[in-house]
Amino acid sequence: MSGDRGDTATALAEDRCLICGAANLFDAVQCCDCLAPMALVHDAIAQERDPHVVSVIGDSNVGKTVYLGFLLDMLSRRAGDFEAIPKGSYSVDLQQNVITNMARRIFPPKTPMEPNQWYWAYYQVRRREGGKWIDLVMPDVAGESLAAEVAMPKTFKVIRSLLGRSAGLMLVVDAALAANGSQAPDFFALKMLSYIDSMQRTSRNRKIDTPIAVVLCKSDYCPECFDRPQQFVEANLNRMWNLCESRFSCVEFFGATVVGSLGYATNEAQDAVIPIPLHTALRGVLDPFVWITEQIG
Amino acid sequence: MRLSLFKRTKAEAVIEPVRRPRMHSADDYQPAPPTRFDEDTLKRQFQYGRYAYILDNRKQWSRHFEIDAVCSAAEKAIDEQFPLVPDGYVSLPQTIQDDPGCPEKDFQTAPFLLARHTVTNAEFQNFVDGGGYENLDLWPQEVWPQLMDFRDLTDQPGPRFWRHGRHDLRLADHPVVGVCWHEATAYCRWAGLRLPTEVEWQMAATWRLRTFSQMLRRYPWGDAFDVRRCNVWASGTGGTVPVWEYSCGAAPNGVMQLIGNVWEWMASDFDATHEAGQPVVGDMLLKGVRGGAFDTYFAAQATSVFRTGLATMTRAHNVGFRCALDPRLSPE
Amino acid sequence: MNNAVASAVAAGYSTGDNGAVAFSPAVAAQPQTRGTLVDQAVFTSIRSPMGCGYRIIAASPGITAVEKSEITRWSPSQRSLCALEGLASYRLSTNRQVIACSRPAGLEPTARGGDRVHTHVVVLDPEDYAEFDWNPIAVVRATEPFQQAPNLAPRQDLPALELQPAPQEVAPIGEAELDLTCAASSAAMAGQSTIALCSAPSLNLLEWMLLITPPYVRRRLAVSTGLNYSPIRPMQVAFVTADVTQLRRAAAGHAVQILEPAACRLEAVHPDEWFSLVRRWARQNRWNDLVELLRRLKPDVHPEHLDALASLCEELDFVQAIDPIHLPTVIQKYQDRPTANTAEAWLVQRFLALAEQRKGVSAPPAAP
């Protein structure tokens with residue numbers, strides 16, 4: 001699904017967007033069509049590797065921003081023997097936003113729906129012992145924009161372009177909600193995967209081979225997600241499980257958690273409840289990424 | 001009974017290198033073999049490690065011919081395993097935004113004894129083998145309905161991650177985890193001990209004595225974070241380590257791993273407030289936990305003064321506990 | 001009261017008591033017995049069994065799925081307001097007009113990053129929009145009786161709203177703000193997309209910009225005020241307050257110009273005579289005259305007609321001072337003059353009426 005070397009060279013010559021391929025003015029900071037940063041193109045041509053887009057997708061408030069921010073920061077700190085280099089200072093904005101807020105026990109601000117406000121990260125990563133470099137572009141998109149595009153295709157063209165360009169997907173699902181009996185995570189995942197299925201236009205006889213890592217986040221509420229994630233999904237997200245089995249050939253399930261303990265406080269006006277991440281306890285954050293890079297590499 | 005105020009070994013001078021992650025697969029779980037316990041009840045209690053319990057209930061065995069010897073041995077064991085934390089004073093941050101200048105409350109602390117190590121899997125096995133989960137006297141009545149939830153992976157009474165009521169032999173000297181606050185408290189009650197309060201724990205970690213210098217240690221070993229002295233995320237282990245490792249990170253009196261490895265349950269409620277002044281609450285009552293764990297990402301969350309809380313019923317993979325004891329006067 | 005003002009009053013110009021200028025929509029000669037039925041929707045962030053986050057939470061049945069999709073794309077989400085109140089007006093692909101009013105509405109349900117944005121959306125058919133003189137602020141005012149506070153728990157199926165165009169009042173604006181609105185209006189007439197930087201974006205500022213733009217242009221304009229600039233909302237005119245460096249960066253490559261207040265005075269605006277007239281009457285506090293003139297601008301007034309209208313207004317002012325012996329010549333000149341639009345015809349009528357009045361006043365008394 002990702003572009004080849006030729007796409008990148010062509011992109012530079014015509015200032016074409018790396019995500020949607022639209023032509024842009026030379027001084028454009030964001031694509032005129034999908035609003036992806038044009039810096040992706042400018043940074044990509046300097047490399048000898050073609051960037052793979054790995055999209056982190058999921059419903060609103062599921063924890064995509066926090067997950068991706070910590071993942072990028074962990075890579076920067078050489079977790080899992082990875083060596084990671086950010087390309088362009090814009091690539092560090094997301095992790096800085098997340099880490100700065102979480103260190104102060106505040107969840108980062110809600111990701112706006114407007115694509116020009118999204119964070120994009122372009123990283124070069126490799127396993128330090130004999131691994132080859134791969135370039136990854138990972139955007140942090142708003143869950144509501146995903147939901148709107150899934151509900152009515154072409155509402156946010158950038159989403160369609162992004163998913164079409166993605167070499168791998170991390171579908172983040174709220175395991176805590178699912179464990180509590182809510183059907184919303186299952187329905188969202190079902191719609192999301194159905195959208196991807198219809199976008200691919202693969203024949204009924206062939207399964208889609210895009211690697212999809214299903215990340216069961218907030219698994220601190222239901223530690224079964226770490227021990228037996230597949231069984232958890234089959235039991236609590238059965239619709240998604242069935243669709244994965246039918247239409248996708250490369251799916252893996254992971255439990256993950258970032259927050260060790262969640263507290264609550266009311267605001268001054270006492271008309272709202274503020275969730276507070278009391279301390280961090282990272283678990284399972286890197287595993288989905290390791291798996292995806294193995295599938296892509 | 002002599003109290004060991006300071007305990008330093010030559011090994012403390014060595015700063016241990018950062019370790020590679022060690023993963024214990026669930027597939028090759030090695031259940032600890034059953035321990036053969038003495039039929040004599042007094043000796044059995046000693047085998048269990050219930051030293052304080054023996055001393056508290058000495059009269060129960062007053063006619064036992066070995067009571068003096070056993071009590072002497074129990075005192076010696078307590079001397080060895082429970083260094084003294086001297087009196088001092090502590091400032092507890094009152095808000096969750098614990099930046100410099102945040103509101104604090106001062107407390108004075110009396111001397112007390114704090115376990116050198118967190119409770120290990122092997123030690124907790126004694127509690128399980130001794131019928132701790134079946135002895136309702138150890139559990140408050142409001143917890144009795146939840147007792148059936150305190151089961152391991154094979155539905156036997158025991159910490160969450162055990163199997164068939166046995167710990168993994170390879171983790172015998174690792175801190176016991178997967179126990180909630182109630183289980184920790186029950187163990188302490190069974191052993192004749194108690195959980196430390198947040199104030200006591202912070203005193204042990206900061207070592208803030210009433211001297212002219214008024215030193216406040218950010219860490220038990222000093223003021224600078226050192227990834228080689230504690231097991232946190234940056235150490236790269238990815239899991240718990242034996243309780244005797246990282247001796248170079250011990251407090252002046254030899255209490256080890258106050259920082260890192262596992263969070264430790266406190267006796268105190270978690271009573272911090274938000275910056276707007278509103279209390280911070282959880283889905284259920286929050287008890288204090290201190291010290292950070294092997295998966296604590298931020299160094300600032302693994303210090304002597306960082307306060308956080310966990311729901312009492314949480315049986316997490318990174319939370320253990322250590323015991324405390326009030327000093328006893330020697331019979332002579 | 002001087003002669004000019006007296007003449008103006010005699011000619012039917014309205015006056016205001018408090019400095020605000022009162023005017024009625026151009027076609028509202030008689031109060032309407034039946035209101036205009038419009039569709040409505042609410043776009044905001046709530047937590048419900050159906051989901052969490054920004055989306056259309058309620059809508060009247062007349063809004064189609066395609067329209068909902070477009071409204072979702074155009075509507076502001078978290079941290080999109082740069083003023084206490086925001087307004088957006090744009091045309092959908094179905095040719096219907098959206099007027100969306102956004103306000104803060106308490107903490108967002110997940111309590112992350114500030115106040116939630118609540119947007120009440122009204123959708124009008126083109127002919128209904130014409131009843132409001134293609135003025136979105138007039139539509140907003142007509143909805144005010146229905147909007148006491150942001151509604152966070154509306155029925156999923158909202159009823160259509162019955163709106164009545166009502167007499168409006170517009171507060172005068174300062175010289176710098178007027179320069180900005182003139183520059184923005186000029187750019188709009190030239191087909192140039194513009195971000196107008198100001199310290200306090202307001203509905204009043206936007207309304208003046210729309211009023212001085214003939215309906216022929218403004219009926220198709222996508223405009224906003226109080227909303228942060230985003231290329232996902234391709235407004236032709238947007239009044240914002242923002243850091244100019246960041247704004248330049250955001251707008252780079254999107255064929256949109258940024259108007260800064262300091263530069264507006266020097267900005268070349270076209271049609272120049274028209275905007276010179278607007279500025280001069282504002283400086284002279286002739287707000288009522290200005291509004292009455294603007295009220296007469298109908299869709300048959302094109303941008304190229306505006307200079308001629310400005311010239312006529314100039315001559316209307318001078319008809320009081322002209323030497324009476326020239327009156328017959330002047331009257332003759334304007335009597336047979338062809339007019340390009342209704343506004344010009346109205347001005348010519350006013351001119352002739354004043355001229356005849358002066359002629360009658362200055363005629364020598366009849367011999368006894």
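How many salt bridges does the rule find across the interface of chain B and chain A? In this predicted model, the rule finds one across that interface, and the views below begin with the surface on which it lies.

View 1. Contact between the chains involves 32 residues of chain B and 34 residues of chain A, and together the two chains bury about 2,700 Å², of which 52% is on carbon and sulfur atoms. On the side of chain B, the residues that lose the most area to chain A are Trp233(B), Tyr297(B) and Phe298(B), which together account for 24% of what that side buries.

**View 2. Polar and charged pairs between the chains.** The salt bridge joins Glu224(A) to Arg160(B), with 3.9 Å between the closest N and O atoms, while 13 residue pairs, both members at pLDDT 80 or more, are in polar contact between chain B and chain A. Strands S6 (286-290) and S7 (308-311) of chain B each supply at least two residues of the side that touches chain A, and S7(B) gives the largest share, three residues. That side of chain B divides into 16 nonpolar, 10 polar and six charged residues.

**View 3. The sheet of chain B.** Four strands of chain B, in the order S7-S6-S5-S8, form an open sheet with mixed pairing, and its edge strands, S7 and S8 (319-320) of chain B, each pair on one side only. S6(B) and S7(B) pair in the antiparallel sense over four bridges, and Ala311(B) in S7(B) is the bridge partner of Leu286(B). Helix H6 (residues 198-206) of chain B packs on the sheet, where the helix touches S5 (263-269) and S6 of chain B, and its direction makes about 135° with that of S5(B).

Definitions and conventions: Residues are numbered from 1 along each chain as its sequence is written. Chains are lettered from A and ligands numbered from 1 in the order in which they are written. This is a predicted model: local features need pLDDT of at least 70, side-chain atom pairs count only at pLDDT 80 or more; totals for chains, interfaces and linings use all residues. Side-chain values use heavy atoms; hydrogens and water are left out. Contact means heavy atoms within 4.5 Å. Buried area is the accessible area (1.4 Å probe) that two parts lose on being put together, summed over both. A salt bridge is a side-chain nitrogen of Lys or Arg within 4 Å of a carboxyl oxygen of Asp or Glu. A polar contact is a pair of N or O atoms within 3.5 Å; within protein, one must be able to donate a hydrogen and the other to accept it, and residues adjacent in sequence count only if both atoms are side-chain atoms. Ala, Val, Leu, Ile, Met, Phe, Trp, Tyr, Cys and Pro count as nonpolar, Asp, Glu, Lys and Arg as charged, and the others, Gly among them, as polar. Two strands pair if DSSP finds at least two bridges between them. Axes are lines fitted to C-alpha atoms, for helices over the stretch in contact, and angles run from 0 to 180 degrees between N-to-C directions.
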